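Thanks for coming. I will take a few minutes on one model, starting with a pocket and ending with the chain as a whole.

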Amino acid sequence: TPIVAKRGLGNAISGMLRPKSTTGGKWFDIVPEDEALLDDIEVKGWLDFAEDRLWRAMYNPDSHFISTTGEVDDDLVTFGTGIGFIGLRPDMSGLHYKPFHLKQVYLDVDALNQPIGVYITEQLTPRQAAGLFGEENLGAKTRERLRGPNRAARDEKSEFVWWVGKRYDFDPASQSNLDMPYISIVVDVASEHMVEESGFEELPFFIPRWDVKSKEPFGRGPGTLALPDVLTLNQMGKTMLRALHRAVDPPWLLPSDSMVNAPQLRPGGVSYYDAKAIRNLGLSKPFQQMDSAAQIPWGLNAQTAARESIMAVFFKNILNLPIDAPNMTATEAMIRREDFVREIGSIFGLLETSYTNPLVERSFNILLRKGAFGPPEIIPEALQGTDVQFRFASPVEKAKRQIEEAGVSQAMDKVLQIGQIR
């Protein structure tokens with residue numbers, strides 16, 4: 001039950017934040033800050049071109065976008081936090097996405113509890129480290145293990161720490177990656193050696209968090225909230241299995257003149273009793289099965305209640321809510337849409353801010369700096385020197401629009417009814 005519920009919510013997040021059912025499959029639009037510029041044919045044409053190039057770059061199989069966001073979604077609903085990296089592939093040919101397991105990650109946050117830095121630990125063999133950073137950049141101890149005769153030493157992993165954090169003393173006009181808003185340092189811990197130093201224009205990670213408490217850098221997810229019920233359900237399952245086993249294969253009571261043992265209550269167990277008890281107790285059957293008197297229906301009802309509680313934590317009751325059932329009145333449909341938005345809207349609004357927006361914005365900025373949208377001179381003059389924004393399609397926004405439209409429609413109906421009465 002927990003695994004099914006978790007998978008269902010993870011799939012729902014993917015489908016609601018990145019719905020493929022939109023026009024052309026795109027779940028985002030690039031718009032200028034001044035949306036009046038969309039009336040300019042040249043501006044609209046370039047934005048459509050940029051959307052298409054960005055979409056193709058993100059969903060290129062070599063970028064690993066789908067697998068990365070899938071793993072981040074899974075961590076998000078289970079633990080409350082997910083983390084993924086956005087950068088260029090080693091051959092600089094396109095975008096590259098990579099997830100990180102939370103046990104590798106420590107988050108650095110500012111006074112408002114917003115992530116401004118990330119520490120990531122990696123366990124690498126000398127060969128792996130040399131492939132990533134170059135042998136000449138490794139520390140002395142790691143190079144010695146790499147070139148030494150001891151094969152076990154060459155296969156032994158050691159810790160490398162990657163830190164990306166905010167740099168406060170940089171030159172905005174500098175083109176050097178050593179003078180960028182975010183600093184990046186890799187340290188070979190065993191050798192106490194700085195392997196690499198570089199920088200990023202923006203934080204290269206997207207870090208969605210489900211429910212964040214004060215002073216806690218990591219979020220709390222539905223999986224954390226459901227854990228007590230999950231553990232209870234597991235214990236219920238064990239108890240029910242024992243009860244069902246005893247009911248199907250109950251213990252036996254057998255008479256014996258020579259030995260008497262303690263009751264054996266396990267399934268199929270044999271308990272011996274004094275044969276004289278047959279006469280004294282008036283037993284009609286000397287060989288009989290013990291009645292466990294287990295209340296199996298009660299156990300099944302308790303399991304069902306625990307399952308429903310777990311499903312509710314993972315929003316199964318809301319996500320399966322039929323919003324547009326065929327035999328539903330307009331009022332019923334609007335009420336259900338309002339329930340859907342009330343339960344889900346705030347959560348997905350936060351995820352849009354911490355997940356999809358930095359994910360798309362960072363991807364767009366990388367491609368823009370790389371020249372993937374063409375040379376700067378082909379960018380419409382009206383867009384040069386301005387920022388663009390991203391609008392995202394989601395069922396939550398669709399439900400909100402439908403509620404607004406339904407409200408206007410109901411108001412107009414009332415006005416018309418009043419006019420007819422007069």
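I start with the second largest pocket, where strand 5, strand 9 (205-206) and helix 11 each supply at least two residues of the lining. Helix 11 gives the largest share of that lining, eight residues. Helices (H or I, at least four residues) and strands (E, at least two) are DSSP runs, numbered from the N terminus.

Before going on, a word on the source: this is a predicted model, in which local features need pLDDT of at least 70 and side-chain atom pairs count only at pLDDT 80 or more, while totals for chains, interfaces and linings use all residues. Residues are numbered from 1 along each chain as its sequence is written, and side-chain values use heavy atoms, with hydrogens and water left out.

The second largest pocket has a volume of about 610 Å³. Gln114, Pro115, Thr353, Ser354 and Pro358 are the closest to its centre, out of 24 lining residues. A pocket here is an open set of points on a 1 Å grid over the protein atoms alone, where a 1.4 Å probe fits, with protein on both sides within 12 Å along at least five of seven lines; lining residues have an atom within 4 Å of a point. Grid points are joined across faces, edges and corners, and the volume is the space filled by probe spheres set on them. The lining divides into 13 nonpolar, six polar and five charged residues, where Ala, Val, Leu, Ile, Met, Phe, Trp, Tyr, Cys and Pro count as nonpolar, Asp, Glu, Lys and Arg as charged, and the others, Gly among them, as polar.

Now the largest pocket, at about 1100 Å³. It has 29 lining residues, and Phe85, Leu88, Trp162, Glu196 and Phe200 lie nearest its centre. Strand 8 gives the most to this lining, four residues. Elements that each supply at least two residues include strand 5, helix 4 (126-133) and helix 11 (330-370). By class, the lining holds 15 nonpolar, seven polar and seven charged residues.

Next, the sheet. In what order do the five strands of the open sheet run? The order is 4-5-6-7-8, with antiparallel pairing; two strands pair if DSSP finds at least two bridges between them. Strand 4 and strand 8 stand at the edges with a single partner strand each, so one side of each has no neighbour in the sheet. Neighbouring strands are turned by 15 degrees against each other on average, direction ignored. Helix 4 packs on the sheet and touches strands 5, 6, 7 and 8, its direction making about 135 degrees with that of strand 5. Contact means heavy atoms within 4.5 Å; axes are lines fitted to C-alpha atoms, for helices over the stretch in contact, and angles run from 0 to 180 degrees between N-to-C directions.

Strand 4 (residues 105-109) and strand 5 (residues 115-124) pair over five bridges, and Val105 stands opposite Ile120. These two strands form a hairpin with five residues between them, and Asn113 in the turn has a positive phi of about 65 degrees. Strand 5 also pairs with strand 6 (residues 158-166), over seven bridges.

Finally, the chain has twelve helices and 13 strands.
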